[in-house]
Amino acid sequence: MTILVLGGGKSPERDVSLRSAAAISMAARQAGFETLEADPAEGLSTLDNLSDTIVFPILHGAGGEDGQLQEELEKRHLPFLGSGSQASANCFDKWKTRQVLTRAGINMPKAVLVSKETYGGQPLRKKPHVLKVNRGGSSIGTMIIREAGKEPVKNIEKLFALDNEAVLEELIEGAEITIPILDNKALPVIEIRPPEGLEFDYDNKYNGKTAEICPPESIDEQLQQKARKIAENVHRLMGCRHLSRVDFMIDKHNNVYALEINTIPGLTDQSLYPRAAAVAGLDMPGLVKRFAELVIRDYNL
């Protein structure tokens, strides 16, 4: 069985995708798989005439995580890792995700969908809040604004240049956690602690300065189990397959707030998903082998 790893793409998250794909390719070879690599930004001819091959689309952002590539793989009847095109599209759209989850009773921060023109007039803007592009990930296009009315105009314009819609969300103060899902089951909880006085933004997500504590030291086991059950429910409600990662905040009263779900979470050597898998006993080659087993099972290969 050959694994074709797709990485790169054309989104703002291209660099992270290339790093994730390189880590997965190395682990696949270590696990004994014949491994091919391709970048969809250079075209999809690699997908032609494949046989005895499963595809790992390790792309983040538009064109890779939003269902477009998954739809192409489905049209070609190729077995691939991860969620299908419709689930991918729904999860990539934060507002659609919110509609599904809140209807099902999942607790989420108060929020409203805004444009650059409507953002300024929203009551939520007068309080500490988060502004994040509706379609995007990897902390690109996310601003945490603690002093209302003091957002740099230039940064706001950059954010809306990435997407004409954004989610304006109340800022929940407390512990930030993330929970990876593997085959419908939650992996260990990871607590995220950015550097003192700083936010968990794109830079601090990948520069190694953020503390990623797995399992958390300051969150009791009962609360962790509650969050893991919610994460599994979010994965199921959104129709996800094989893997995902669900982000949460826990406030001082131990209320758990779901934030969003990532269908192709980062898989670099610094990423959260492999860290949780390692705590659960799966090193990178073991994780890739498990990914392959899931694809083989679900496509009856």
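Predicted model: local features only at pLDDT ≥ 70, side-chain atom pairs only at ≥ 80, totals over all residues.

Me: At what angle do the axes of helix H3 and helix H4 cross?
Reply: Residues are numbered from 1 along each chain as its sequence is written, and side-chain values use heavy atoms, with hydrogens and water left out. The axes of H3 (residues 85-92) and H4 (residues 94-103) cross at roughly 100° and come within 5 Å. H3 and H4 are therefore roughly perpendicular (65 to 115 degrees).

Me: Which residues make that contact?
Reply: On H3 they are Asn90, Cys91 and Phe92, and on H4 they are Lys94, Lys96 and Thr97, with contact meaning heavy atoms within 4.5 Å.

Me: New topic: how many salt bridges are in the whole structure?
Reply: A search finds 18, each being a side-chain nitrogen of Lys or Arg within 4 Å of a carboxyl oxygen of Asp or Glu.

Me: Are Arg245 and Asp247 buried or exposed?
Reply: Both are buried, where buried means under 20% relative accessible area, exposed over 50%, and partly exposed in between (1.4 Å probe, protein chains only). Their side chains meet in a salt bridge, 3.3 Å from N to O.

Me: And what does Glu293 form a salt bridge with?
Reply: With Arg290, at 3.4 Å between the closest N and O atoms. Glu293 and Arg290 are about one helical turn apart because they sit three residues apart in helix H10 (residues 284-298).

Me: Which residues are linked with those two in a network?
Reply: Asp183, Arg297 and Asp298 are linked with Arg290 and Glu293 in a network of salt bridges.

Methods
Axes fitted to C-alpha atoms, helices over the stretch in contact; angles between N-to-C directions. Helix = DSSP H or I, 4+ residues; strand = E, 2+ residues; numbered from the N terminus. Parallel < 35°, antiparallel > 145°, perpendicular 65-115°, else oblique.
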